[in-house]
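Morning, everyone. Please have a look at the model on the screen, and then I'll walk you through it.

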Amino acid sequence: MADDDKKKPDGEATVPEGPRPPVEARTEENLVDPPERQYAEPRKVLRQKVAPEPPTTGHSWDGIEEYDNPMPRWWLWTFYITIAWAVIYWILYPAWPMVSQATPGILGHSTRGDVAREIEDFETRNAAWFERLVATEVAQLREEAELERFAVQAGRAVFAAQCSQCHGAGAQGVQAGGFPSLLDDQWLWGGTLEEIHRTIAHGVRNEDDPDARWSEMPAFGAEGLLDEDEIDQVVEYVLAMSGQSHDADLAALGAEVFDWNCAACHMDDGSGNTDLGAPALNNQIWQYGGDRDTIRQTIYFSRFGVMPAFSERLRESDIRAVAVYVHQLGGGQ
Ligand code: HEC
Ligand code: HEC
């Protein structure tokens, strides 16, 4: 390639070899007219003002000097305006940090105040809805689509703030804590709007609310009501009625133990009783757990699930909203 001829691999240009060709002497014959060029009109050139050389800042870096030109006017004015703006801002708004708080500013503005105002706005905007929630019969809260929609939205917020720490963010429950799922149609205390409302307002087995729901399963082992054999038998029977693998002989004996000791609360067929908060045992849904060990633990020591009452903590409208929210999660009756 032509390039390769002219350049060494490292890119340096090579000097052509041999003696330099002699420079042709200028003669009449080899004089060529220069290419035509456009020159500025001489008059225009003259009219252009020749600016005087501006002074320099006096610094010099390797011979490079810096002109000391004045700021452009527009720039300077913008700068003055921002200074004026800052001063006005200091006077109107909180600005300078002092020992305990910042200077307040004569407008009395505060972000905390903004939030309070927003909450107030929200309350006044929704006051009519909250009133309607309280004025409507609890059982009828889901009859009217608009009111229901409002209740579900408001209830979702209440649930996230007040209930999710126990029942889980999605209301799926936490078996290890005995916090029941609120998604299924199995209810300890009843799944109608009114029953759910009552459970939330008064809670379960708490000491604070005289109207709290109350019942107590005896600790059959710890209190010596049943001996170890009987407990083993009735555990197998509960496994059987919930459709799990079990020892059939023990379960047959357990049926009798169950009739005498358990059916009063859990019913003959193990379907439970919402008047007593006694869960159904003939299905796969468990509050505390359905494996052999956990069932034995429940029967031996019993359980004592406590839910706080919300009638003192929440407004009636919030309790109703969250009751609607829970009811529409899937299991409402
Ligand atoms: C401190 C934990 C805790 C909090 C907070 C809590 N719950 Fe409960 N909740 C429980 C427990 C435990 C039970 C089961 C009580 C039992 O054993 O009968 C329960 C039961 C229920 C039941 C009855 C379920 C059924 O099957 O009948 C409903 C409904 C309910 N909770 C709704 C709520 C709502 C709504 C909130 C929030 C406003 C809430 N809970 C807040 C612990 C809690
Ligand atoms: C006085 C009524 C009562 C009697 C009698 C009773 N239970 Fe219970 N049982 C309950 C209640 C109430 C609960 C729920 C306890 C709680 O939430 O704290 C429960 C819970 C259970 C559970 C836990 C269910 C789950 O979902 O985790 C099992 C298992 C159980 N009982 C079995 C029995 C057996 C077996 C007997 C008879 C030996 C019996 N119970 C007798 C009231 C009773």
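In which loop is R205 found? R205 sits in the loop between helix 7 and helix 8. Helices here are DSSP runs of H or I with at least four residues, strands are runs of E with at least two, and both are numbered from the N terminus.

Some ground rules. This is a predicted model, where local features need pLDDT of at least 70 and side-chain atom pairs count only at pLDDT 80 or more, while totals for chains, interfaces and linings use all residues. Residues are numbered from 1 along each chain as its sequence is written, and chains are lettered from A and ligands numbered from 1 in the order in which they are written.

Back to R205. R205 is not a glycine, yet its phi is positive, about 50 degrees. Most residues other than glycine have a negative phi. R205 is partly exposed, with 16 other C-beta atoms within 10 Å. The scale is this: 20 or more other C-beta atoms within 10 Å means buried, 12 or fewer means exposed, and in between is partly exposed, with C-beta atoms placed from the backbone.

M267 also has a positive phi, about 75 degrees, and is not a glycine. Look for M267 in the loop between helix 10 (263-266) and helix 11 (292-301). M267 is partly exposed because 16 other C-beta atoms lie within 10 Å.

Now the whole chain. How many helices and strands does it have? There are 12 helices and 2 strands. From the N terminus, the order is α-α-β-β-α-α-α-α-α-α-α-α-α-α. Of the 333 residues, 22% are buried.

Next, the ligands. Ligand 1 is surrounded by 25 residues, and the closest are C163, C166, L188, G305 and M307. A residue counts as near if its C-beta atom, placed from the backbone, lies within 6 Å. Helix 5 (145-162), helix 6 (164-167), helix 7 (193-202) and helix 12 (316-327) each give two or more residues to this shell. By class, the shell around ligand 1 has 18 nonpolar, 7 polar and no charged residues. Nonpolar means Ala, Val, Leu, Ile, Met, Phe, Trp, Tyr, Cys and Pro; charged means Asp, Glu, Lys and Arg; the others, Gly among them, are polar.

Ligand 2 has 25 residues around it, the closest being M217, C262, C265, Y288 and G305. Helix 8, helix 10 and helix 11 each give two or more residues to that shell. The shell around ligand 2 has 16 nonpolar, 8 polar and 1 charged.

On to the core. What size is the largest nonpolar core? It has 26 residues, and I200, A321, V322, A323 and V326 have the most contacts inside it. Such a core is a set of buried Ala, Val, Leu, Ile, Met, Phe, Trp, Tyr and Cys residues joined through C-beta atoms within 7 Å. Helix 5, helix 7 and helix 12 each give it two or more residues. Helix 12 supplies the largest share, 7 residues. Another core, of 16 residues, lies apart from it, with V234, L239, A280 and I295 among them. In soluble globular proteins, nonpolar side chains tend to be buried together.
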